[in-house]
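Please read the following briefing alongside the model and its sequence. It moves from the overall fold to the domains, then to one strand and the surroundings of the ligand.

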Amino acid sequence: MHDRPEYIRDTIVAPATPPGKGGVAVVRISGDDAESVGLKILGDMPKPRHASKRIFYDGASRPIDSGIVLYFPGTASYTGESVIELQGHGGPIITNMLLEAAIECGARRAAPGEFSQRAFLNGKLDLAQAEAIADLIDSGTAQAVRAAHRSLTGVFSLAVFTLIETVIQLRLHVEAAIDFPEEEIDFLSDQALLTKLKTCEVTFTDLLHKAAAGRILRDGLRFVIAGQPNVGKSSLLNYLSGQDAAIVTEVAGTTRDIIREQIDIEGLSVELVDTAGLRDNPDRIEAEGIRKAREVMQTADAILWVKDATAPETESLAEPFPPDLPVIVIRNKIDLCDNDAREPPTSNQSINLSAKTGTGMEALKSAITAFAGYEDNGEGAFTARRRHVVALQQAFDHFCIGRAALIDDRAGEILAEELRLAQSSLSHITGDFSSDDLLGRIFSEFCIGK
Ligand SMILES: Nc1nc2c(ncn2[C@@H]2O[C@H](COP(=O)(O)OP(=O)(O)OP(=O)(O)O)[C@@H](O)[C@H]2O)c(=O)[nH]1
Ligand SMILES: [Mg+2]
């Protein structure tokens, strides 16, 4: 629970529904003066937590609209302070008039994410849960929705708290041992300590793995399709996206611009980027296309490197893609090969494919989801953010440094200190220790009214 600084005690208002026309629009008011604002708009306050029909008045007591009111007094609300929701007719002018009325009656316009920020500051949600609200709203696939909802309900936070508890248990053990220096401590013959170290390591690696997959589920992946001209890159883009997005011709050098398509592979959001074929001695326009291709490759999570399975191996291009970038090799036009030629000549890492008949597409999709560490079993998957994965990795690094110090140098004090740092990194995920800067950055990315 965080101390509530004075500035958040004022009463805020914002539309909770998106702008535009619709059946209903919701205006939400939250804060210590919500009731007095509500009294002026409604004339009298409805029974808490009951849907009540009311006329909505402006500051000069002129009727604006009528609709349903919900009143959540005290702390039993989304924000942890008194909340009133006005459900009026869904027209932008009506919503704006209600907003102005609330401001005339003493509320102020809410900043983006301010309702959720209050929920966090009032201890209704931890930081990872609050972030999951924005992620849920922004989800690009049905699987991402389910996973973000799990994070919102605290599945990810619980895993982090469990890990923190494991670290605390280990800390207590180590600190108790070093607090009795008169006794000769041999850490390495302390079986209970070694067991706790192992448990901690397993819990760390398991959560890191799940959080990394959760980050990919939230953010998606970018695959850049690259290769020599005419190998079928654009045909592959069109096949996977189910659209005639890129021009396909038998002329080498057809694609010059970067073409992006967003697709959903078993719930994983993937951005496919088609590029100009890479070759030496291109014309001036093509050269610009190749420059753009190389540029976009720098931003890729992985490359789909397309080859023509009917052509002899001629990988003459020096450094076709950035080093260290994962590459999935595709041998396209496999439909034109006779059976013998279907065997990959060099490695068995490549996927035989036909962008014309669709042969091999399932294998390619599996390779993409496997690359993401993504399993569509649905069970237990949750979303995570890059900052969570970074914090987890930092915490794990501290753990590893501390463990090495113990095992190599019997340095229990160093392990104790590193575990303290690990615990501190982990607590940034759920926001137990977070700077105002970080909070400001996180909540300002929310939409207005959330
Ligand atoms: N038979 C067969 N033809 C294919 C296949 N994939 C692509 N093609 C043909 O190969 C030619 C080149 O295809 P594109 O998709 O334009 O190739 P690209 O790699 O985008 O070429 P550039 O944009 O010029 O670099 C076209 O005539 C396609 O119809 C395939 O799997 N089988
Ligand atoms: Mg092309």
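A residue is called buried if 20 or more other C-beta atoms lie within 10 Å of its own, exposed if 12 or fewer do, and partly exposed in between, with C-beta atoms placed from the backbone. By that criterion, 40% of the 450 residues of the protein chain count as buried. This is a predicted model, in which local features need pLDDT of at least 70 and side-chain atom pairs count only at pLDDT 80 or more, while totals for chains, interfaces and linings use all residues. Residues are numbered from 1 along each chain as its sequence is written, and chains are lettered from A and ligands numbered from 1 in the order in which they are written.

**Overall fold**

- The protein chain has 13 helices and 12 strands, taken as DSSP runs numbered from the N terminus (helices are H or I with at least four residues, strands are E with at least two).
- Its radius of gyration, taken over C-alpha atoms, is 29 Å, well over the 22 Å that the globule rule (2.2 Å times the number of residues to the power 0.38) gives for 450 residues, so the chain is more spread out than a compact globule.
- Along its principal axes, the C-alpha trace of the protein chain spans about 85 × 75 × 40 Å.

**Domains**

- The protein chain is divided into domain 1 (6-124), domain 2 (136-217 + 382-431) and domain 3 (221-371), with bounds that come from an automatic or database domain assignment.
- The C-alpha centres of domain 2 and domain 3 lie 39 Å apart.
- Seven residues of domain 2 are in contact with five residues of domain 3, where contact requires C-beta atoms, placed from the backbone, to lie within 7 Å.
- On the side of domain 2 that touches domain 3, helix H5 (142-152) and helix H7 (191-219) are the elements that give two or more residues, and H5 provides the largest share, three residues.

**Strand E7**

- Six of the seven residues of strand E7 (residues 221-227) are buried, so E7 is largely enclosed by the rest of the structure.
- E7 pairs in the parallel sense with strand E9 (residues 268-274) over five bridges, pairing being assigned if DSSP finds at least two bridges between two strands; Leu221 stands opposite Val270 in E9.
- E7 also pairs in the parallel sense with strand E10 (residues 302-308) over five bridges, and Val224 stands opposite Ile303 in E10.

**Ligand 1**

- Of the 23 residues around ligand 1 (C-beta atom, placed from the backbone, within 6 Å), Gly232, Ser234, Ser235, Thr255 and Gly277 come nearest.
- Helix H8 (residues 233-241) gives the most to this shell, with three residues.

Terms used. Contact = placed C-beta atoms within 7 Å.
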